[in-house]
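User: I'd like a close look at one part of this model. Here it is:

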Amino acid sequence: MGNLHSGKALDVYTEWRDICRASTGIDNVYKVGETRYTLQLSRKQQRDCAVVGSVYRAIHTDAETGVTQVVKAGSFRIEPNGEVTRYPTGLQMRMVLNGAK
């Protein structure tokens with residue numbers, strides 16, 4: 001089926017990805033204080049071409065295995081016109097602090 005996200009929505013997600021990469025070096029992981037969050041895009045295609053997904057908060061990383069436990073911390077939705085109607089936890093504040101649009 002391919003990636004049918006709206007161009008403006010995808011532009012906003014790309015800004016978020018850049019913030020994540022600057023924060024942690026990983027495309028979909030960002031930090032707020034000492035807490036790490038992961039953005040996970042939905043696998044379901046939205047009829048209106050919005051970008052949607054879930055946010056997970058890291059709660060524990062096993063020192064021996066390196067496996068991180070996460071809990072769902074919310075969701076996000078970027079409308080086709082680029083308007084964010086649900087922000088990921090903490091990312092809106094990080095964007096304001098970084099001077100992002």
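How many residues does H1 have, and how far does H1 reach from its first C-alpha to its last? Please go on from there to what H1 packs against.

Analyst: Quick ground rules: this is a predicted model, where local features need pLDDT of at least 70, side-chain atom pairs count only at pLDDT 80 or more, and totals for chains, interfaces and linings use all residues. Residues are numbered from 1 along each chain as its sequence is written, and side-chain values use heavy atoms, leaving out hydrogens and water.

H1 has 18 residues and reaches 25 Å, close to the 26 Å expected at 1.5 Å a residue (that is, 1.5 Å times one less than the number of residues). Helices here are DSSP runs of H or I, at least four residues, and strands are runs of E, at least two, numbered from the N terminus.

Ala9, Val12, Tyr13, Trp16, Ile19 and Cys20 are the buried residues of H1 (buried is under 20% relative accessible area, exposed over 50%, partly exposed in between, with a 1.4 Å probe and protein chains only). They sit on the same side of H1, because they cover an arc of only 110° around the axis, taken from the directions from the helix axis to the C-beta atoms. On the other side, Lys8 and Ala22 are exposed.

Now the packing. Tyr13 and Trp16 are among the residues that touch the most other members of the 13-residue largest nonpolar core, as are Leu39, Phe76 and Ile78. Such a core is a set of buried Ala, Val, Leu, Ile, Met, Phe, Trp, Tyr and Cys residues joined through side-chain atoms within 4.5 Å. H1 gives the most to this core, with five residues. Leaving aside residues up to four places away in sequence, Tyr13 touches Asn28, Leu39, Leu41, Val51, Phe76 and Ile78 (heavy atoms within 4.5 Å).

Just after H1, Gly25 takes a positive phi of about 85°.
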